[in-house]
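This briefing is meant to be read with the sequence and the model side by side.

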Amino acid sequence: MIPETLMEKPKGGLTRRRFLGKAALGCAAGAGGLAGIAALRSIAPALTRTKKVFSVGRLHDFPVNTFTLLPKHKVFILRDHEGVRAVSAICTHLGCVLKRVEDEFRCPCHGSRFDDSGQVISGPAPSALPWFKVDLAPDGRIRVHTNQRTTSQDKLRLF
Amino acid sequence: MPDLSPGSQRSRIQKVSRNFFLHIHAPRVNLRSLKLTTTFGLGVALGFLFLILILTGVLLMLYYTPSEGQAYSSVKDIMYVVKGGRYIRNLHRWAAHGMVILAFLHLIRTFFTGAYLKGRRLNWIIGVAMLLVTLLLSFSGYLLPWDQLAYWAVTIGSNIAASARELTDALGMTQVFDPGGFVKQLLIGDEVVGQEALTRFYMLHIIFLPLTLLILMGVHFWRIRKDGGLARPADSREQDIHTWPTALWGELAVLMVSLAILMAAAFFFDAPLKELANPLLPENPAKSPWYFLGVQELISYSAFAGGIIIPVLFVAFLVSIPFRDREESHAGIWFSGIVGKRVTIASLFFSAAVTIGILFVNVNFGWLGDWFAGTPQVLIILINPGTVLAAAYAVWSVYQRRRTGSVHFSAMALFTCALVGLIILTFVGVWLRGPDWEFYWLRSNWPVQ
C-alpha cells in the first residue's frame, strides 16, 4: 500500500517524485528523438550510382552541327564548327528523357518543349535545361562534368 | 443453471466473445447496420480483399526476386512457368485495384452517411490514413515487375515527391535548401530509379506498409465497437440482434460476392506485363497507375501545385471535416435528407461544368505560359487550371455555406466538387491523353511512332 501522504497532490510545488518522473520522461523522449534522427540519417543514401564526371568519346565521334543523345548519361552533346557543349537530356518537369524533334527538345511524358539554348518554349517544365562544363580528359577524350553548371554559350573550343 | 443449448441467448453471445477472431465483433449489432443500403458491405469487403492480398502476396514472394537483373524474369516465371502463377498474380493485381476502388467508395459512403459524426472523429481520421496507406501499397507494388510501365510510372512518382524543387528553383534556393530532393532520395535511395529504389519499394510493399495497414485496421475495427456500432439516426427504431449467426452470414455473403467477382476478373483478364524496364527510353505517354492519373493531369499543369499543394489541401480538408462539422443530427442518414441531396446534385453539376470548362480552355487555348511568354514560374504555380479549379470549388462551398447556413452542407458541396473533379481528371488522364500528353478523343487518333 502506498501511504496516503504520497498519493496526495502537492499544491503548486514540484515534489521530488514528480520532478524525477518528468526528468525520466524527458530523457526517454530525448533518446527516442536522437535515435530517430540517426535512423533517418541512415535512410538518406550516402552514395549514388550516377556518375557525375564521365568521358563521352573523341571529337570525331560527333559530326559538326549535330545533337547526339548519350542515353547512358542522359546528356546531349552539341557539336558545331567552334567546339563542343553538353546539355542535360532530363526534363526539368518530372525527369523523363528528352528527344530531339525538329529543332527543339521534347519531353514525351507531359509535352514540355525546350529550344536550342535549353529555354522552355511551352509545357509544364518549370526551368531551363542545365548546361554542363566540358573539358578534355588527360587521355584526350571529351569529358562532361554534370556537377559543374555553365551557360549555353560556353564551349570547349577545339580550334 | 443457465441455458446453454444452441440458439440460446447466452450461447450466441459466448460464440462471439470466447473466440479470439470473432470477438472483433460486438456480441450484438443493430439490425440497421446489416441492411445492404446502410454500408453496401464496403468496409468488410475491403478487409477481405486485404486478406486475399496477403495470401496471394505470400505465394508470389516465393518466386519473386527483388533485383534489377532478375525481377522482370522472375515475374515472367511466375506468369509462364509457375503452376497457377499467372492466376495468383492476376488475383493479387485485381484485388489491389479493387481495394483502391472500394476504399474510395467506402470514403464516399462514410462521408455521405455522416459516419464521422457523434464521436466517430478518430475513426474517420484513421480511415483517411488507411486510404493513403492503401494508395502507397498499390503504388509500391507497381514498381516490382520492373517493366516499362512500372519503371516510368515510378520515375514520375518519385519526381512528384521532389516537386517542392519547382518552388525552391523559382525562389533560386535549391542549391542551399532542397527538401524535394531529400524526400526523393529517401524514397528511391539514389538520384534515379534503380536497384536502391527496387529494394526500398520491396521493403515498403511486403512489410512496412502491410503491417501499418494491419495495425490501423485493428484500431479501425476496435473503434467501431467502442463507438457503439455504426452511426445511425437518433430516431432509429431497429433493434439490436445477436451477431451470431446473423451478422456473420452477412459477412460471409460479402466475402462470397467479392471473391466471385475477383476470381472472374482474374480468370478473364491478365495483369499487364510490358517489356523489360529501359531507363533510356521513356514510354510515350508515360502514365502512372490509373488512380494517380487525375493527379498526373494536375501535374501536367504544375508539378508543385498539382503534386503537392492540391493533394495536401484535399487530405487536410478530409481530416478537418469532423472538427468543423458538429451537426450531429445528420449522422447515419444518406445525404442528410432532401436538402443534402439537392446540395449534392447541384454541386455535382456545378463541378462537372466548371471542370470540363477549364479543361476545354486549357486544351484548346493553352494557359498563361502560352499566352504570355516569360510568365514567372511562381505565377504558374499559383494560377494554373488545377488551382483555379480548387479555388472554384472552395468558392462554391462558401456560397453553399451562406445559402444553407450549415457547415455540414458546405462540406458536402466541397466533397462532391472535389470528387467529381477527381473523377473527370482521372478519366481525361486515362483515356484522353496520348503521346506528349496531348489531347486525343480516341486512341486510334494517336500518331504512329
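A cavity is here a set of grid points where a 1.4 Å probe fits but cannot get out, and its lining residues are those with an atom within 4 Å of such a point. The model is predicted, and the structure holds 1 cavity of 30 Å³ or more.

- The largest cavity takes in about 30 Å³ of space, and its lining is made up of R89(B), R93(B), Y142(B), P145(B), D147(B), L149(B), A150(B) and P272(B).
- Two or more of these lining residues come from each of the helices α6 (85-112) and α8 (148-161) of chain B.
- Sorted by class, the lining of the largest cavity consists of 5 nonpolar and 3 charged residues, with no polar residue.

**Strand pairing in chain A**

- Within chain A, the antiparallel strands β6 (residues 104-106) and β7 (residues 113-114) are joined by 2 bridges, and F105(A) has F114(A) in β7(A) as its bridge partner.
- Elsewhere in chain A, strand β4 (residues 83-88) and strand β9 (residues 131-136) run antiparallel and are joined by 2 bridges, with V87(A) standing opposite W131(A) of β9(A).
- Strand β9(A) is also joined by 6 bridges to strand β10 (residues 142-150) of chain A, again in an antiparallel arrangement, and here W131(A) stands opposite T150(A) in β10(A).
- The hairpin of β9(A) and β10(A) has 5 residues between the strands, and in this hairpin G140(A) takes a positive phi near 90 degrees.
- As background to these pairings, the strands of a sheet pair through backbone hydrogen bonds, either parallel or antiparallel.

**Nonpolar surface of chain B**

- A nonpolar patch on the surface is formed by L51(B), I54(B), V58(B), M203(B), I207(B), F208(B), L211(B), L214(B), I215(B), V219(B) and W222(B), which together have about 980 Å² of accessible area.
- The elements that each give two or more residues to the nonpolar patch are α4 (42-61) and α11 (195-226) of chain B, and the largest share, 8 residues, is contributed by α11(B).
- One of the patch residues, W222(B), is located in helix α11 of chain B.

**Salt bridges**

- Taking a salt bridge as a side-chain nitrogen of Lys or Arg within 4 Å of a carboxyl oxygen of Asp or Glu, the count over all chains comes to 13.
- One of these contacts pairs the side chains of R100(A) and D116(A), with an N to O distance of 2.8 Å; R100(A) lies in strand β5 of chain A and D116(A) in the loop between β7 and β8 of chain A, so the pair ties together parts that are 16 residues apart in sequence.

**Backbone geometry in chain B**

- In general, most residues other than glycine have a negative phi, and most peptide bonds are trans.
- The peptide bond from W244(B) to P245(B) is cis, with omega near 0 degrees, and P245(B) belongs to helix α12 (residues 243-268) of chain B.
- F335(B), a residue other than glycine, has a positive phi near 55 degrees, and F335(B) is placed in the loop between α14 (303-324) and α15 (337-365) of chain B.

Terms used: Residues are numbered from 1 along each chain as its sequence is written. Chains are lettered from A and ligands numbered from 1 in the order in which they are written. This is a predicted model: local features need pLDDT of at least 70, side-chain atom pairs count only at pLDDT 80 or more; totals for chains, interfaces and linings use all residues. Side-chain values use heavy atoms; hydrogens and water are left out. On a 1 Å grid over the protein atoms alone, a cavity is a set of points where a 1.4 Å probe fits but cannot get out, and a pocket is an open set with protein on both sides within 12 Å along at least five of seven lines; lining residues have an atom within 4 Å of a point. Grid points are joined across faces, edges and corners, and a volume is the space filled by probe spheres set on the points. Helices (H or I, at least four residues) and strands (E, at least two) are DSSP runs, numbered from the N terminus. Ala, Val, Leu, Ile, Met, Phe, Trp, Tyr, Cys and Pro count as nonpolar, Asp, Glu, Lys and Arg as charged, and the others, Gly among them, as polar. Two strands pair if DSSP finds at least two bridges between them. Patches are made of residues with over 30% relative accessible area and no salt bridge: like charges are joined within 9 Å, nonpolar side chains (Val, Leu, Ile, Met, Phe, Trp, Tyr) within 5 Å. Accessible areas come from the Shrake-Rupley method with a 1.4 Å probe; for residues, only the protein chains shown count as cover.
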